[in-house]
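User: Could you please take me through the helix packing and the strand pairing in this model?

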Amino acid sequence: MTNKKVSKVVDKKSTKLFGTDGIRGTANQWPMTPDMVVKIGQAIGYILQKQSLNVPAASRKVVIGKDTRLSGYMIEQALASGLNSMGIFVQLVGPLPTPGIGYLTRTMRAAAGIVISASHNPFHDNGIKVFGADGFKISEEMEREIERLVLEEDLSTLLPASKEIGRTKRIEDSQGRYIVYVKGTFPLEYTLDGMRIVLDTANGASYKVAPSVFQELGAEVIQLGDDPNGTNINDKVGALYPQKLSEAVQQYRADVGISLDGDADRVIMVDEKGEIVNGDRILAICALHMKERGLLKGDTLVATQMSNFGLEKRMNEAGIKLVKTGVGDKYVVEEMRKNGYNLGGEQSGHIIFLDHTTTGDGCIAALGVLAVMKQTGKKMSELNRVFEDVPQVLINCRVKRRTELHELTGYNDLIRTIEKKLNGDGRVFVRFSGTEPVIRVLVEGPDKAQISMFAEEIASFLEKELS
């Protein structure tokens with residue numbers, strides 16, 4: 001059979017489908033349209049078919065989960081159709097946290113797992129994240145091959161015979177499987193009896209499973225963001241909006257607050273006084289506790305360039321090496337796997353306990369902190385004093401185009417001037433978002449007023465140049 005090339009019908013805004021966390025875009029706009037999603041399913045299916053030529057057809061299966069977005073129904077059906085057309089058997093599990101799909105993919109011996117979610121983005125966006133048979137997100141090489149097949153090949157010429165078409169069925173007990181798995185990461189000798197938790201599930205994928213996890217361990221759970229309607233995911237709730245959680249913790253005199261994002265792969269916590277416990281602090285609390293018990297592999301913590309300098313300073317004081325990667329949990333996981341580390345994450349709340357999970361898991365991360373509370377007898381506010389933050393200012397600028405920043409006239413001079421004024425006591429970090437048309441400007445230093453001024457100066461320059 002000859003592979004026929006097809007021209008790219010779109011001047012495509014970009015010919016790159018994958019960002020730092022899968023494929024993402026506005027639902028019903030390129031690339032998140034039904035016809036494109038069918039092609040993406042076909043491309044994934046074709047690759048899996050080639051990888052498992054000597055495997056029985058019924059074993060070539062893909063697990064698909066999603067969050068609560070309205071467009072999830074449309075994308076789920078399109079993906080399943082594309083996969084089926086390539087001879088792949090599909091198992092739909094419905095709303096389930098992203099890490100749950102990684103877990104089910106491994107334990108069900110699937111060839112791949114797919115999550116339909118745009119994570120913390122608003123409801124009108126959606127996305128596709130792909131896991132390999134090992135439960136880890138697929139390699140960049142496989143991402144590029146999917147892109148090539150979708151954008152350059154006529155996939156209709158690669159379809160198998162009619163008798164080899166796959167089937168789709170629903171798995172009814174996936175939520176229960178995930179709940180048992182997550183609970184199993186909490187020390188068996190402890191319970192959460194007597195603990196009051198305010199839990200914000202962002203009207204997202206964890207709205208059913210997360211409360212069950214904490215309740216079955218004995219906690220009293222007061223839930224926010226538990227009424228998804230297809231359009232209210234992440235709408236002033238969840239990990240990006242912890243203020244409501246903070247107020248509820250104080251109102252209900254809770255011991256701790258836990259806030260997940262739309263697909264529950266990240267977590268932000270709140271102590272009993274209403275103070276925010278971000279990803280950096282969660283990492284520090286768990287790293288120190290694990291090192292004390294000889295459980296921190298290599299005495300090393302993996303974080304990203306966005307982490308606060310205060311974290312690095314505290315780790316150095318404790319004899320823990322801090323390795324920084326590029327921004328994105330997949331880069332953190334790559335570093336951890338490459339060197340055998342078992343704890344890493346991001347300030348935004350992606351926390352990876354590689355002994356338990358293959359990607360960020362908000363519920364597992366929260367249980368890790370609750371285990372420290374139980375084992376030390378300390379309140380959350382005591383643990384939250386783990387280090388002192390160096391002031392940071394982060395500005396997100398919406399932009400219309402991307403380019404190499406060093407090619408912008410005046411950009412390098414501006415950054416050098418600001419770094420000279422910081423005099424070694426701070427830093428500037430600027431990057432494009434991998435999932436949104438946004439550039440992030442981070443300035444860190446001892447004087448909050450000064451770094452705010454610097455951040456605004458850089459942001460104004462970039463908004464003007466990239467509009």
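**Helix packing and strands**

Analyst: Helix H6 and helix H11 (residues 362–376) have axes that come within 11 Å and cross at roughly 25°. Axes are lines fitted to C-alpha atoms over the stretch in contact, with angles from 0 to 180 degrees between N-to-C directions. H6 is therefore roughly parallel to H11 (angles under 35 degrees count as such). This is a predicted model, in which local features need pLDDT of at least 70, side-chain atom pairs count only at pLDDT 80 or more, and totals for chains, interfaces and linings use all residues. Residues are numbered from 1 along each chain as its sequence is written, and side-chain values use heavy atoms, leaving out hydrogens and water.

User: Which residues in H6 meet H11?

Analyst: Ala210, Val213 and Phe214 in H6 meet Cys363, Ala366, Leu367 and Leu370 in H11, where contact means heavy atoms within 4.5 Å. The residues of this contact comprise 7 nonpolar, no polar and no charged (Ala, Val, Leu, Ile, Met, Phe, Trp, Tyr, Cys and Pro count as nonpolar, Asp, Glu, Lys and Arg as charged, and the others, Gly among them, as polar).

User: Turning to strands, do S8 and S9 run parallel or antiparallel?

Analyst: Strand S8 (residues 196–200) and strand S9 (residues 220–224) run parallel, joined by 5 bridges. Strands pair if DSSP finds at least two bridges between them; helices (H or I, at least four residues) and strands (E, at least two) are DSSP runs, numbered from the N terminus.

User: What is the bridge partner of isoleucine 197 in S9?

Analyst: The partner is valine 221.

Conventions: Angles under 35 degrees count as roughly parallel, over 145 as roughly antiparallel, 65 to 115 as roughly perpendicular and the rest as oblique.
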